[in-house]
Amino acid sequence: VAVLNVDYRLAPEHLFPQGIDDAIAAVQWASKNLDRLGGAGKPLAVGGDSAGGNFAAVAAIVCRDQGIGLKAQVLIYPATNMTGIGDPDIRKAYFGDHYERDCRSLKASPVFAKLDGLAPTLLGVGPYDFLYQDNLAYAAALRAAKVPLIYREFPTLNHGFFGYTAISPASAAAADQLCDDLRAMMA
């Protein structure tokens with residue numbers, strides 16, 4: 001497979017939605033340039049963890065709406081509902097002065113979007129993750145929309161586990177499981 005790792009503009013220097021707009025532009029570009037990336041004739045998927053999971057979920061919705069075929073979306077402990085940010089400093093750093101207006105938008109909180117017709121989804125989370133309840137709600141919304149879903153809950157893991165594979169056997173096993181699931185989805 002060809003893998004494209006996308007950099008994006010970060011808050012607070014670049015307020016919402018600039019980072020997500022970069023991710024959307026990247027997947028649109030990749031879909032038009034698969035041959036240049038060594039992926040001609042191969043399926044396209046999006047994925048990310050945490051904020052990157054939010055970006056992947058939003059990009060999957062945009063792809064559906066624009067007729068860009070995705071084989072899968074991989075969401076690892078994604079941020080799917082930004083309405084609960086209680087800390088005003090965090091809200092200001094990400095949204096500027098427009099939190100109340102933007103927190104329920106598709107680009108901030110994909111849980112409120114129309115989800116039917118999305119690419120099959122692989123969602124992985126641990127119960128000690130601060131986004132755990134949001135991930136349960138997103139999985140329920142995907143199921144309600146009849147989106148094919150592989151939901152993986154890793155009972156001992158917390159937020160960021162995908163980055164701990166070198167030091168945590170449980171994280172490495174979770175990452176292996178998610179990669180195996182993606183491999184099966186892409187077949």
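This is a predicted model: local features need pLDDT of at least 70, side-chain atom pairs count only at pLDDT 80 or more; totals for chains, interfaces and linings use all residues.

Q: OK, α2. How many residues does it have, and how far does it reach?
A: Helix α2 covers residues 51-66, which is 16 residues. From first C-alpha to last it reaches 22 Å, close to the 22 Å expected at 1.5 Å a residue. The expected span is 1.5 Å times one less than the number of residues. Helices here are DSSP runs (H or I, at least four residues), strands are E runs of at least two, and both are numbered from the N terminus.

Q: Is α2 mostly covered or mostly open?
A: Mostly covered: 12 of the 16 residues of α2 are buried. Buried means under 20% relative accessible area, exposed means over 50%, and partly exposed is in between (1.4 Å probe, protein chains only).

Q: Which residues of α2 are buried?
A: Gly52, Gly53, Asn54, Phe55, Ala56, Ala57, Val58, Ala59, Ala60, Ile61, Val62 and Cys63.

Q: And what covers them?
A: The cover includes helices α1 (18-32), α3 (88-95) and α5 (132-144), plus strands β1 (45-49) and β2 (72-76).

Q: What follows α2?
A: Glycine 67 follows α2, and its phi is positive, near 75°.

Q: Zoom in on alanine 56. Why does it count as buried?
A: Because its relative accessibility is 4%. Alanine 56 sits in helix α2.

Q: Which residues does alanine 56 touch?
A: Val46, Gly47, Gly48, Gln73, Val74 and Leu75, leaving out residues up to four places away in sequence. Contact means heavy atoms within 4.5 Å.

Q: Switching to rings. How many aromatic pairs does the structure hold?
A: There are 7 aromatic pairs. Rings of Phe, Tyr and Trp (its six-membered ring) pair if their centres lie within 6.5 Å; planes under 30 degrees apart count as stacked, over 60 as edge-to-face, the rest as tilted.

Q: What about tyrosine 8 and phenylalanine 55?
A: That pair is edge-to-face, because the ring centres are 4.8 Å apart and the planes are at 70°. The pair links distant parts of the chain, 47 residues apart: tyrosine 8 is in the segment before α1 and phenylalanine 55 is in helix α2.

Q: Buried or exposed, those two?
A: Tyrosine 8 is partly exposed at 28%. Phenylalanine 55 is buried at 6%.

Q: And phenylalanine 16 with tyrosine 94?
A: Tilted, because the centres are 5.7 Å apart and the planes are at 45°. This pair also links distant parts of the chain: phenylalanine 16 in the segment before α1 and tyrosine 94 in helix α3, 78 residues apart. Phenylalanine 16 is buried at 10%, while tyrosine 94 is partly exposed at 23%.

Q: Which residues do ring pairs link into a cluster?
A: Phe16, Tyr94, Phe95 and Tyr99.

Q: Salt bridges next. How many are there?
A: The whole structure has 7 salt bridges. The criterion is a side-chain nitrogen of Lys or Arg within 4 Å of a carboxyl oxygen of Asp or Glu.

Q: What does arginine 152 pair with?
A: Aspartate 181, at 2.7 Å, N to O. Arginine 152 lies in strand β4 (residues 149-153) and aspartate 181 in helix α6 (residues 169-186), so the pair ties together parts that are 29 residues apart in sequence. Arginine 152 is partly exposed at 29%; aspartate 181 is buried at 7%.

Q: And aspartate 180?
A: Aspartate 180 bridges to arginine 183, also 2.7 Å, N to O. Both lie in helix α6, 3 residues apart, about one turn of the helix. Aspartate 180 is partly exposed at 40%, and arginine 183 is exposed at 55%.

Q: Last one: which residues form the nonpolar surface patch?
A: Leu4, Val6 and Trp29, with about 250 Å² of accessible area together. Patch residues have over 30% relative accessible area and no salt bridge; like charges are joined within 9 Å, nonpolar side chains (Val, Leu, Ile, Met, Phe, Trp, Tyr) within 5 Å. Areas come from the Shrake-Rupley method with a 1.4 Å probe; for residues, only the protein chains shown count as cover. Leucine 4 is in the segment before α1 and is partly exposed at 43%.

Terms used
Residues are numbered from 1 along each chain as its sequence is written. Side-chain values use heavy atoms; hydrogens and water are left out.
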